[in-house]
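Morning, everyone. Let me put the structure up, and then we'll walk through its pockets and its ligand.

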Amino acid sequence: MLAGQTVLVTGASSGIGLECARVLAPLGVRLLLVARRYERLMALAEELQTQYKASCFAQALDVRDRLGVQTWFEHLPPDWQNIDIVINNAGLSRGLDKLQDGDINDWEEMIDTNLKGLLYVTRLVLPGMIHRGRGHVVNIASIAGLAAYPGGNVYCATKAAVRILGDALKQDLLGTPVRVTTINPGLVDTEFSPVRFRGDTERAQQVYRGLTPLTGRDVAETVAFCLTRPPHVNIQELTLLPTDQANALLVHRRE
Ligand code: NDP
Ligand code: 8X3
C-alpha cells in the first residue's frame with residue numbers, strides 16, 4: 001500500500017522520528033530523512049539500506065531556517081521532489097520554568113521549531129500533494145497540547161497550536177484526497193527530556209521514574225497504522241499514553 005511512496009520525516013536523527021523511519025522502511029517506502037545532525041541520519045540511512053534495501057536520502061536541515069528550508073526543497077533531486085507523506089516530528093522543549101521566570105530564547109526556539117518549522121515544511125509540500133492527488137500530513141503534537149501543566153507554558157502552547165493547525169488544515173484540504181493526522185503521545189522515552197533539561201540526565205531520568213513510558217517505536221507503529229488505512233479513512237487525531245499515565249499531570253509510579 002505504501003510501497004514506492006516518498007516519506008519525509010523531520011527530526012529523523014533520534015527518538016520518534018528515527019523509529020518512524022525504522023518502522024516504515026520494511027514497508028517499501030522511500031525515506032527522505034532530515035534533521036540537523038547529519039552523521040546520525042547517514043548512520044540510519046546506511047542501517048536501513050543494509051537491513052531492508054530501503055531507498056533513503058539523508059539531508060541536514062534546520063526547520064527553523066525559513067530560507068534554508070525553501071532552498072532545500074527547491075534543490076531536492078527530481079526523484080525526491082514528489083513527497084507523498086510528511087511526518088512533521090522535529091520538535092523540542094526547553095526548561096520547565098514558570099512563565100514569569102521564562103527565558104525568551106527558549107520560547108523562541110520552541111516556537112520556531114515546533115510551530116514555524118512545521119509550517120514552513122508543510123507549506124512547501126502541500127501544493128504537490130494536492131496537484132498529484134495523493135498525500136498525508138502527520139503532525140506529532142502531544143498531550144501537552146490537550147492540557148497545560150505547570151512550567152509547560154510555551155511548549156504546551158506550541159503543541160496546542162499544532163493540534164489546531166491540523167484541524168484547520170483538514171478543513172482547508174476538504175475536497176482533496178490529502179489526509180491530515182495529529183498524534184498526541186504521552187511520555188515517550190527519547191532524548192526529549194535530556195534536551196529539555198539541557199543534558200541533566202538525572203533530572204531527565206526522573207521524568208520516567210517508576211513507570212514504563214512509551215517507546216519511540218510505540219509511536220512509530222501508531223503512525224504506520226494511520227498511514228496504512230485505506231484512502232477513504234482519515235484518522236484525524238489520536239492520543240496514546242503509557243498505561244500508567246492518565247494525562248500530563250497524573251501518572252502512577254510503581255516505586
Ligand atoms: P528527540 O529529542 O529524541 O528527537 C527530536 C528530533 O527533532 C531530533 O531528531 C532532532 O534532531 C529534531 N530537531 C530538533 N530541532 C530541530 C530543528 N531545528 N530542525 C530539524 N530537526 C530538529 O525527541 P522525541 O523523539 O521525543 O521528539 C519528537 C517529537 O515528539 C517532538 O515534536 C516532541 O515535541 C514530540 N513529543 C515527544 C514526547 C516525549 O515524551 N518524548 C511526547 C509527545 C510529543 P537534531 O537535533 O539532529 O536536529
Ligand atoms: C511531551 C510530553 O507531557 O512531557 O510532549 O509534555 S510532556
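So, the lining of the largest pocket: by class, that's 26 nonpolar, 14 polar and 10 charged residues. Here Ala, Val, Leu, Ile, Met, Phe, Trp, Tyr, Cys and Pro count as nonpolar, Asp, Glu, Lys and Arg as charged, and the others, Gly among them, as polar. Keep in mind that this is a predicted model, where local features need pLDDT of at least 70, side-chain atom pairs count only at pLDDT 80 or more, and totals for chains, interfaces and linings use all residues. Residues are numbered from 1 along each chain as its sequence is written, chains are lettered from A and ligands numbered from 1 in the order in which they are written, and side-chain values use heavy atoms, with hydrogens and water left out.

What do I mean by a pocket? On a 1 Å grid over the protein atoms alone, it's an open set of points where a 1.4 Å probe fits, with protein on both sides within 12 Å along at least five of seven lines; lining residues have an atom within 4 Å of a point.

In the largest pocket, 50 residues make up the lining, and L92, Y155, T190, F192 and S193 lie nearest its centre. The elements giving two or more residues to that lining are α1 (15-24), β2 (30-35), α5 (153-172), α6 (192-196) and α7 (201-206). Those names come from DSSP runs, numbered from the N terminus: helices are H or I, at least four residues, and strands are E, at least two. Which element gives the most to this lining? It's α6, with 4 residues.

Now the oxygen atoms of the ligand. A polar side-chain atom of R37 lies 2.8 Å from an oxygen atom of ligand 1. From the backbone, an N or O atom of E191 lies 3.1 Å from a ligand 1 oxygen atom.

Last stop, the second largest pocket. Its lining has 13 residues, with Q5, R134, G135, R179 and P231 nearest the centre. By class, they divide into 6 nonpolar, 4 polar and 3 charged.

Conventions:
A polar contact is a pair of N or O atoms within 3.5 Å; within protein, one must be able to donate a hydrogen and the other to accept it, and residues adjacent in sequence count only if both atoms are side-chain atoms.
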